[in-house]
Amino acid sequence: MQLFWQRGYEAASLHDLQAVTGLSKSSLYQTYPSKQAWFVAAFSRYVEQRRTLLLEQLQASVSPLGFIRERLLSVLDDSGPDGVPRGCMLVNVANEFSLSEPALVPLLQRATAGICQVFEQALARAVACGELSAAEGLQARAGYLQCVMSGLRTQVKSGLPADSIRATVAVVMKSLGTA
């Protein structure tokens, strides 16, 4: 997973897969029949781990809007082992494959929907506890937050200063219509 996340599908070679797994070429193909199958398994694991972590963080959060703010700001802390921002594997995969590998599009759609569902849960909790005044359009606002988070990750990867990211997050939080 880390290999594909760091390098992307195209740049990760069979030799790289052997090195990170410790498996021989024949053992690699006995486990999964192709490099693409390895990639799909790695990406699926990433998506499940990410969603589980988000749900745990939401559950532990005292403030649903605080959870959202922290998740948006977390893009500033997402560097790889080399200290270089690696971005979100979901965004990276969408950018690398959405047009060239149509078979991966349903996987990308499910992954995106899962993130949106977590944001929608957070927004619903914010309404329930009085942090948000309007309950209408929670699904659309959750999609908006997922889009913002993807864009913020891309901006961080592009070298945008942290102060700019923080200012954008402040505008986003204000736009949610807090109570």
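Predicted model: local features only at pLDDT ≥ 70, side-chain atom pairs only at ≥ 80, totals over all residues.
A pocket here is an open set of points on a 1 Å grid over the protein atoms alone, with protein on both sides within 12 Å along at least five of seven lines, and lining residues have an atom within 4 Å of a point. Volume is the space filled by probe spheres set on the points, with a 1.4 Å probe.

Lining the largest pocket are 20 residues, and Arg50, Leu54, Ser74, Met149 and Arg153 lie nearest its centre. Helices are DSSP runs (H or I, at least four residues).

Helix 4 turns up again in the second largest pocket, where its 4 residues are the largest share of the lining. Among the residues there are Met1, Phe4, Trp38 and Arg45.

Now for the helix pair. Helix 5 (residues 64-73) and helix 9 (residues 162-175) pack at about 150°, their axes 10 Å apart; axes are lines fitted to C-alpha atoms over the stretch in contact, and angles run from 0 to 180 degrees between N-to-C directions. The two are therefore roughly antiparallel (over 145 degrees).

Residues are numbered from 1 along each chain as its sequence is written. Local features need pLDDT of at least 70, side-chain atom pairs count only at pLDDT 80 or more, totals for chains, interfaces and linings use all residues, and side-chain values use heavy atoms, leaving out hydrogens and water.

Note on methods: Parallel < 35°, antiparallel > 145°, perpendicular 65-115°, else oblique.
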